[in-house]
Amino acid sequence: MKLASLHHGRDGRLVVVSDDLAWCAAPPPMYPTLQSALDDWERAAPILEGVALSLAHDAVPHARFHEREAAAPLPRAFQWADGSAYVNHVELVRRARGAELPASFWHDPLMYQGGSDQFLGARDAIAFHDPAWGLDLEAEVVVVTGDVPQGASREQALAAIRLVGLVNDVSLRGLIPDELAKGFGFVQSKPASALSPVFVTPDTLGASWQDGKLHGVLSVDLNGAPFGRADAGTDMTFDFGTLIAHLAKTRNIVAGSIIGSGTVSNRDAGGGPGKPVADGGRGYSCIAEIRMIETIASGAPVTPWLKPGDTVRIEMLDNANHSIFGAIEQTVTAS
């Protein structure tokens with residue numbers, strides 16, 4: 001089952017979307033928003049599945065679904081917690097500044113609490129402010145949970161995953177060092193992120209969803225050229241069950257919480273840092289990573305940060321080359 005939200009008020013209007021992303025149908029009135037369905041998932045899910053089945057058989061009133069008209073599936077959420085499940089990415093960050101990777105990073109996930117009061121739609125612009133702020137993209141996988149009790153096990157956490165999607169977790173790299181130096185985490189360096197047009201239930205993903213990981217090539221294009229082709233299921237040190245259980249260690253997690261994987265990152269076939277797509281590698285899911293590799297190789301980065309006019313496209317295709325979640329396609333505009 002695939003779900004989306006059309007622009008309507010602050011929280012959007014929930015629609016059920018066909019598997020090919022061509023059509024959408026409204027659910028019954030008791031579920032006007034995605035959050036309302038998540039709050040009542042045990043009853044809502046079978047009803048929404050029925051709408052999806054009727055939509056597939058042309059047995060329910062429906063309309064064309066246009067990705068460009070979609071809001072974020074959750075325009076605002078009760079929680080946004082972003083992990084860093086791909087330790088390869090973290091290791092490169094530290095190597096570029098001459099710091100060793102603590103051994104604990106391989107068994108204790110990194111995670112920060114992000115701003116969840118606004119998520120951008122997949123076609124909304126990325127605001128550019130100051131070149132010194134170092135505007136970057138970050139292509140990631142996200143999941144949406146139901147209620148998760150404090151102290152939940154990995155298995156309980158996995159069972160609480162309701163939906164899977166993609167995010168462009170926009171970062172301002174130039175602001176990050178000073179914020180981290182305060183010892184209190186990200187605030188100004190993390191503006192609003194953009195979500196994929198559609199979120200999908202894990203069962204709909206079939207074999208692509210295994211053991212709390214989404215397997216498949218996460219395609220990132222920058223200004224129309226291939227920039228990243230990393231496999232989201234490869235080199236993922238911490239699966240989503242582990243990330244959610246980590247978050248739930250000292251708190252309850254409420255339905256509608258969004259958990260991110262962190263920047264998807266693959267090593268090359270020889271185990272070293274990834275290579276550009278143009279050189280036969282899997283490329284990168286953020287600009288910071290290629291700049292780190294450039295710094296390690298030659299002492300200074302070459303690839304520039306995002307600037308007005310740049311375009312970013314993030315998408316994942318299934319085995320038949322059909323878009324699973326729709327595409328995040330954003331242009332950087334001067335604010």
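## The loop between β18 and α6

Asp235 lies in the loop between β18 and α6. Helices (H or I, at least four residues) and strands (E, at least two) are DSSP runs, numbered from the N terminus. Phi of Asp235 is near 65°, a positive value in a residue other than glycine. Asp235 is partly exposed, at 31% relative accessible area. Here buried means under 20% relative accessible area, exposed over 50%, and partly exposed in between (1.4 Å probe, protein chains only).

This is a predicted model, in which local features need pLDDT of at least 70, side-chain atom pairs count only at pLDDT 80 or more, and totals for chains, interfaces and linings use all residues. Residues are numbered from 1 along each chain as its sequence is written, and side-chain values use heavy atoms, with hydrogens and water left out.

## Helix α6

Asp239 caps the N-terminal end of α6. One of its side-chain oxygens lies 2.8 Å from the backbone nitrogen of Gly241. Helix α6 spans residues 240-247 and is largely enclosed by the rest of the structure, because six of its eight residues are buried. These are Phe240, Gly241, Leu243, Ile244, Ala245 and Leu247.

## Asn223

Asn223 sits in the loop between β17 (217-222) and β18 (225-231). Its phi is positive, about 55°, although Asn223 is not a glycine. Asn223 is partly exposed, with a relative accessible area of 43%.

## Nonpolar cores

A nonpolar core is a set of buried Ala, Val, Leu, Ile, Met, Phe, Trp, Tyr and Cys residues joined through side-chain atoms within 4.5 Å. The largest has 72 residues. Val164 and Phe325 have the most contacts inside it. A second, separate core of 31 residues includes Leu3, Val16, Ala45 and Ala77.

Definitions and conventions. A polar contact is a pair of N or O atoms within 3.5 Å; within protein, one must be able to donate a hydrogen and the other to accept it, and residues adjacent in sequence count only if both atoms are side-chain atoms.
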